[in-house]
Each structure stands twice: as C-alpha cells, then as structure tokens.
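Student: Could you take me through the reading of a model, feature by feature, with the general idea before the particular case?

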Amino acid sequence: MEDSVKNPWLEIPFDDYEGHMRDPAVGQFAFLSQIFYSQLNRFSPDSVGILGAATGNGLEHIDRGQTRSVTVFDINPHYLEVLEQRYRDRIPGLEIRNVDLNLYDNPNHRFAMIYAALVFEYVDCDSLLERSSKWLKQQGVLTVILQQADAANKKVSRTRFASLEKLAPLMNLVYPETFRDMAAKHNLVEIFSETVRLPAGKTFHVASYRKNKG
C-alpha cells in the first residue's frame with residue numbers, strides 16, 4: 001500500500017475536494033449526506049465511528065439526544081481542522097483522529113455503528129474490515145458505500161478540480177460479492193443492500209452489515 005507520507009489524499013485541498021464532490025458532473029456530496037442520515041434514523045446508534053470523515057459531510061444530522069459519542073477518522077489533517085471548526089460546538093465531545101486507516105488500530109473502540117463512504121477503495125480492504133469488526137459492539141452495524149466499475153465513466157470524474165485526478169492510481173474498486181465474502185470472514189453479515197445510480201452516471205453499492213458473535 002501507499003506510504004501515508006506519499007498518499008495523494010494529503011495533496012488535495014479541502015475546497016477542491018468539496019467543490020469536486022458538489023460539481024454536477026459528480027453530484028455525490030448530497031447523496032453521501034443523505035445515506036448517512038438514513039442510517040442514523042434506521043439504526044439509532046448511541047455511538048458512531050466515521051471512517052474517512054473528510055470535512056464532516058453529514059455530521060449536521062447527528063442527534064445528540066440519540067448519539068452520545070462520535071469519533072471521526074481521516075488521513076488529512078487539514079480536512080479535520082475544517083471539520084472541527086464546523087462541528088466542535090454542535091457536537092460536544094467530538095473525538096477527532098488524524099490517522100492512516102491502513103495502519104491504525106485501537107482495541108478500545110466499541111461503536112454501535114461504523115460508517116465508511118468511499119473508503120474501502122483506498123485501503124487494504126480485508127485488513128480494515130477485520131479491524132472494523134473488532135471496533136463494533138456485538139450486533140453493531142457497519143454501513144459502506146462502494147463505487148462500482150463502469151466502462152462509461154472514469155474512476156475519478158473529471159471536473160475543474162484537477163487535483164482529484166491524483167487519486168485514480170490509488171483507487172481500487174471493490175465488487176459487492178467480494179466485499180460480502182470478506183465481511184463474512186470477520187463475522188459481519190449483510191442485512192441490507194441496494195444499488196444506486198446517480199444522475200451524473202456513476203453507480204454505488206450501499207450495504208449494511210451486522211456483527212454477529214464470533
């Protein structure tokens with residue numbers, strides 16, 4: 001895997017990232033926020049871990065009366081600075097971890113829900129799945145969003161934010177069946193899945209996995 005010092009995610013300004021995700025040629029910013037909102041409503045978690053949180057898209061949906069603990073993880077410290085500025089007053093006790101998810105582990109994590117949108121494409125998928133399972137409480141839920149292969153679309157859509165094109169060599173798309181098989185090895189059983197095609201043309205696999213007793 002890429003060394004964290006050379007990781008292209010560290011070279012993309014936060015406003016480029018947000019501008020790209022909001023661009024009509026991509027149209028993923030609102031989509032990812034809506035999926036997070038729906039998962040919060042569906043599972044009512046008391047504790048949430050967000051892998052690849054970036055600048056905090058979707059955190060506005062956190063209900064502190066329901067979710068008492070929120071921990072966010074990202075490799076880019078500048079993204080997390082923006083996230084903290086936006087949400088430190090709205091989410092008291094927010095925990096922020098600037099980490100490389102290829103390397104990070106903490107056996108003390110116990111989340112009711114882990115949310116990982118467009119993350120597993122950039123890491124050692126099996127390794128992060130194994131650690132994510134350990135970080136979940138029994139009967140906890142992992143929700144993932146995976147970009148799907150599409151011959152008609154580039155892995156990274158072209159917009160005026162050219163810095164995002166640096167991600168293409170790092171990005172490895174994951175088939176839903178492959179992900180499901182890897183998850184099962186780590187006591188994660190699929191309980192929900194759907195395929196969503198956005199107006200911009202790309203297709204995404206959304207799935208939730210429950211941790212069973214191992």
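This is a predicted model: local features need pLDDT of at least 70, side-chain atom pairs count only at pLDDT 80 or more; totals for chains, interfaces and linings use all residues.

Student: Let us begin with the helices: at what angle do the axes of H1 and H3 cross, and within what distance do they come?

Tutor: Two packed helices are described by the angle between their axes and by the distance between those axes. Here the axes of helix H1 (residues 14–22) and helix H3 (residues 77–87) come within 9 Å and cross at roughly 75°, and H1 and H3 are therefore roughly perpendicular to each other.

Student: Which residues meet where H1 contacts H3?

Tutor: From H1 come Phe14, Tyr17 and Glu18, and these meet Tyr79, Val82 and Arg86 of H3. Sorted by class, the contact of H1 with H3 has four nonpolar and two charged residues, with no polar ones.

Student: Turning to the sheet, in what order do the strands lie, and which of them stand at the edges?

Tutor: Strands of a sheet pair through backbone hydrogen bonds, in either a parallel or an antiparallel way. In this model seven strands form an open sheet of mixed pairing, in the order S3-S2-S1-S4-S5-S7-S6. Strand S3 (95–98) and strand S6 (188–197) stand at the edges, each with a single partner strand, so one side of each is left without a neighbour in the sheet. From one strand to the next, the twist averages 15°.

Student: In what sense does S6 pair with S7, and over how many bridges?

Tutor: S6 and strand S7 (residues 203–211) pair in the antiparallel sense over nine bridges, and Phe192 has Ser208 in S7 as its bridge partner.

Student: Finally, how many cavities of 30 Å³ or more does the structure hold, and what lines the largest cavity?

Tutor: Rolling a probe the size of a water molecule over the atoms shows where empty space is left. The structure holds one cavity of 30 Å³ or more, and the largest cavity has a volume of about 630 Å³. It is lined by 41 residues, of which Trp9, Tyr17, Gly52, Ala117 and Leu118 are the closest to its centre. The lining of the largest cavity divides into 26 nonpolar, ten polar and five charged residues, and H1, helix H2 (29–43), S1 and S4 each supply at least two residues of that lining.

How values were computed. Residues are numbered from 1 along each chain as its sequence is written. Side-chain values use heavy atoms; hydrogens and water are left out. Axes are lines fitted to C-alpha atoms, for helices over the stretch in contact, and angles run from 0 to 180 degrees between N-to-C directions. Helices (H or I, at least four residues) and strands (E, at least two) are DSSP runs, numbered from the N terminus. Angles under 35 degrees count as roughly parallel, over 145 as roughly antiparallel, 65 to 115 as roughly perpendicular and the rest as oblique. Contact means heavy atoms within 4.5 Å. Ala, Val, Leu, Ile, Met, Phe, Trp, Tyr, Cys and Pro count as nonpolar, Asp, Glu, Lys and Arg as charged, and the others, Gly among them, as polar. Two strands pair if DSSP finds at least two bridges between them. On a 1 Å grid over the protein atoms alone, a cavity is a set of points where a 1.4 Å probe fits but cannot get out, and a pocket is an open set with protein on both sides within 12 Å along at least five of seven lines; lining residues have an atom within 4 Å of a point. Grid points are joined across faces, edges and corners, and a volume is the space filled by probe spheres set on the points.
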